[in-house]
Amino acid sequence: MAQALVLLASLLIFSNVAHCDFSPKVIVDMAKILMDNYCSPEKLAGMEEAIDAGSSNTEILSISDPATLANVLTDGVKKTIFDSRVQVTYEPGFVPAAPPAMPDIPPEQLAEIIKGTVKVEVLDGNIGYLKIQHIIGEEMAQKVGPILLDYIWDKVFPTSAMILDFRSAVSGELSGIPYIVSYYTDSEPPIHIDSVYDRTSDVTIELWSMPTLLGKRYGTSKPLIILTSKNTLGIAEDVVYCLKNLKRATIVGENTAGGSIKINKIKVGDTDFYVTVPVAKSINPITGKSWEINGVAPNVEVAAEDALDAAIAIIKLRAEIPGLVQAAATLVADNYAFPSIGDDVAEKLGAVVASGEYNLISTKEELEAKLSADLLKLSGDKCLKATSNIPARPPMNLTPEMFIELIKVSFHTDVFENNIGYLRFDMFGDFEHAAKIIAEHVWNKVVDTDMLIIDLRNNVGGSTSSIAGFCSYFFDSDKQIVLDHVYNRPSNTTSDLLALTQLTGRRYGSKKSVIILTSGATAGAAEEFVFIMKRLGRAMIIGETTRGGCHPPETFRVGESDIFLSIPISHSDTAQGPSWEGAGIAPHIPVPADAALDTAKAILYKHFSGQN
Ligand SMILES: *[C@@H]1O[C@H](CO)[C@@H](O)[C@H](O)[C@H]1NC(C)=O
């Protein structure tokens with residue numbers, strides 16, 4: 001109502017222009033044309049009352065140029081009903097195009113006219129290319145169908161993928177929509193394509209796919225790409241929107257124009273003013289919405305002039321997808337740490353591809369995301385996924401002094417009251433070549449304490465190569481200790497992880513209390529350390545259940561592509577039930593990570609005062 005009032009005000013302001021050549025009645029006539037024909041009458045609610053109420057408006061403006069007036073009125077309408085398709089124009093010379101008198105033109109001649117507007121080609125890679133500017137209606141299709149079948153359809157039908165170029169499709173007949181859609185869908189079941197409400201007749205008609213067609217259907221299994229531009233208009237947009245939402249076509253190019261399923265240009269009385277008004281609207285049965293006004297958004301947005309190349313690239317990628325997924329499945333079966341799960345994932349991945357779930361993938365990124373999602377769903381392992389191949393960083397060129405500094409900042413040590421040691425580090429590395437420096441600058445600060453807190457709450461893992469060595473400091477040298485049995489899938493062997501007999505620096509030994517702090521972020525190699533220390537009864541774990549990561553995964557290239565998989569290839573001993581991978585390690589004393597250090601200190605103080 002409010003909008004309608006503004007609209008009316010903008011109309012009536014001009015209806016009282018004193019020295020104009022046209023009668024004020026013209027403006028009221030225009031408003032009436034809009035009210036009687038506009039496809040969404042609910043947007044105009046209250047207009048009629050507003051016209052009556054506003055008829056006494058006496059404000060005077062001095063626009064004497066009718067073309068300017070038409071522009072101002074168009075603007076006013078745009079601002080009130082937010083529909084830029086409605087236009088007021090002043091066109092003294094306008095002659096409405098008479099519909100061609102079809103019965104008089106022989107089919108051969110008609111076909112020649114149509115051929116002139118269609119371009120048909122078979123591109124490299126057996127890709128059909130069909131450029132359409134006008135979508136012909138039912139009557140025409142029946143008349144020239146057999147000729148067009150010969151000239152167009154038989155050429156592109158045997159291709160293995162098709163590109164429909166609608167970048168300059170700007171006109172067409174409503175009755176042609178079911179024809180085009182039906183060539184790219186199955187004969188059964190019938191598909192409800194669109195509902196069209198016609199304001200003039202106040203009737204909604206439903207468009208359905210056609211059970212029988214002249215010639216063969218292209219069907220649903222071969223890729224279909226539709227190219228669009230910002231000029232793609234009207235009936236063509238309806239076809240694009242329909243095939244997009246049926247998930248039958250991938251739309252590549254620009255957002256379409258946002259026209260109307262049916263738009264009329266209506267003469268205002270016997271003046272030279274015209275009101276262009278959408279008289280029908282489309283309601284898509286899948287989305288409940290329409291492409292009108294806002295246009296159809298492409299699936300892959302590229303400039304119109306680049307759309308053909310982009311489409312060809314998509315078709316090429318899709319042809320490679322089954323082979324790539326098969327190669328990924330084989331990598332998982334051959335390398336994934338848990339062989340029976342790996343076999344199962346590989347088999348099911350093949351079934352997912354066969355079911356068509358990969359058919360609409362358009363980019364390498366989408367393929368990676370889908371592959372990762374499927375690997376997670378089928379394995380339950382968040383470590384098994386597609387990954388980007390990060391090239392190994394060149395070794396840092398550090399002076400010995402810089403290296404010592406780096407070690408010092410990577411480890412935090414402290415000695416609390418009652419000679420309680422504290423050691424924190426946030427990443428495991430290959431500590432072997434740094435053992436001397438770590439012993440001297442880090443370890444010596446805490447090795448003589450009576451109890452030790454190892455803080456792994458921020459430790460995200462890293463290399464497991466130093467795990468055996470690090471564990472060994474907490475045992476004595478007189479016993480051979482098996483820390484873990486680690487299974488390696490590529491070699492299909494299980495090896496013992498043994499405590500070391502020779503260590504750099506002094507041992508903490510097996511007698512003094514050790515507490516390990518954990519959080520939900522504690523992952524990978526850090527979990528392996530916690531797992532061993534907990535299972536051997538060597539440490540009390542305080543904090544949160546750990547992340548449930550994996551042994552360090554390896555990166556594998558999928559076929560010859562630049563897609564890579566990150567695959568865990570080893571797992572810890574599962575002889576006594578599942579280990580930590582995927583599930584994490586539950587602490588002995590669960591407390592929020594923030595409170596873990598205070599809890600640990602309190603326990604050790606108590607322990608200390610108990611001893612004294
Ligand atoms: C792995 O080795 C075992 C014997 O240790 C054998 O039974 C099994 O078939 C092997 N698995 C694979 C995938 O080679």
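**Group meeting: contacts in a predicted model**

Thr232 sits in the loop between β9 and α8 (235-245); helices here are DSSP runs of H or I with at least four residues, strands are runs of E with at least two, and both are numbered from the N terminus. Residues are numbered from 1 along each chain as its sequence is written, and side-chain values use heavy atoms, with hydrogens and water left out.

Back to Thr232. Is Thr232 buried or exposed? Thr232 is buried, at 0% relative accessibility. The terms are these: buried is under 20% relative accessible area, exposed is over 50%, and partly exposed is in between, with a 1.4 Å probe and protein chains only. A polar atom of the Thr232 side chain lies 2.8 Å from the backbone oxygen of Phe166. That is a polar contact, meaning a pair of N or O atoms within 3.5 Å; within protein, one must be able to donate a hydrogen and the other to accept it, and residues adjacent in sequence count only if both atoms are side-chain atoms.

Next, the helix that follows this loop. How many residues of α8 are buried? The number is 10 of its 11 residues, and α8 is described as mostly covered. Among the buried ones are Ile235, Glu237, Asp238, Tyr241 and Asn245. Just after α8, Lys247 takes a positive phi of about 60°.

Now the aromatic rings. A pair of aromatic rings is described by the distance of the centres and the angle of the planes. Rings of Phe, Tyr and Trp (its six-membered ring) pair if their centres lie within 6.5 Å; planes under 30 degrees apart are stacked, over 60 edge-to-face, and the rest tilted. Searching the whole structure gives 22 aromatic pairs. Tyr184 and Tyr218 are an edge-to-face pair, because their ring centres are 5.9 Å apart and their planes stand at 65°. Tyr184 is in the loop between α7 (177-183) and β7 (192-198), and Tyr218 is in the loop between β8 (203-208) and β9 (224-228), so this pair ties together parts that are 34 residues apart in sequence. Tyr184 is buried at 3% relative accessibility, and Tyr218 is buried with a relative accessible area of 3%.

Phe416 and Tyr422 make a tilted pair, 5.6 Å centre to centre with 50° between the planes. Phe416 counts as buried at 16%, and Tyr422 counts as buried at 10%. There is also one aromatic cluster, whose members include Phe411, Trp443, Tyr473 and Phe529.

Tyr218 comes up again with a charge. Lys222 lies over the face of Tyr218, 4.2 Å from the ring centre. The charged end of Lys222 also sits over the ring of Phe157, 5.2 Å from its centre. The rule for this is NZ of Lys or CZ of Arg within 6 Å of the ring centre and within 35 degrees of the ring normal.

On to salt bridges. Side chains of opposite charge can pair when their charged atoms come close. The rule used is a side-chain nitrogen of Lys or Arg within 4 Å of a carboxyl oxygen of Asp or Glu, and by it the count comes to 20 salt bridges.

Which parts of the chain does the pair of Asp198 and Lys262 link? Asp198 is in strand β7 and Lys262 in strand β11 (residues 262-267), 64 residues apart. Their closest N and O atoms are 3.1 Å apart. Asp198 is buried at 14%, whereas Lys262 is partly exposed at 36%.

Lys348 and Asp344 form another salt bridge, with closest N and O atoms 3.1 Å apart. Both lie in helix α10 (residues 339-354), four residues apart, about one turn of the helix. An α-helix has 3.6 residues a turn, so residues three or four places apart point the same way. Lys348 is partly exposed at 40%, and Asp344 is partly exposed at 30%.

Asp476 pairs with Lys511, with closest N and O atoms 3.4 Å apart. This pair links distant parts of the chain, 35 residues apart. Asp476 is partly exposed at 27%, and Lys511 is exposed at 71%. Finally, Asp83, Arg85 and Glu292 are linked in a network of salt bridges.

Technical notes: Predicted model: local features only at pLDDT ≥ 70, side-chain atom pairs only at ≥ 80, totals over all residues.
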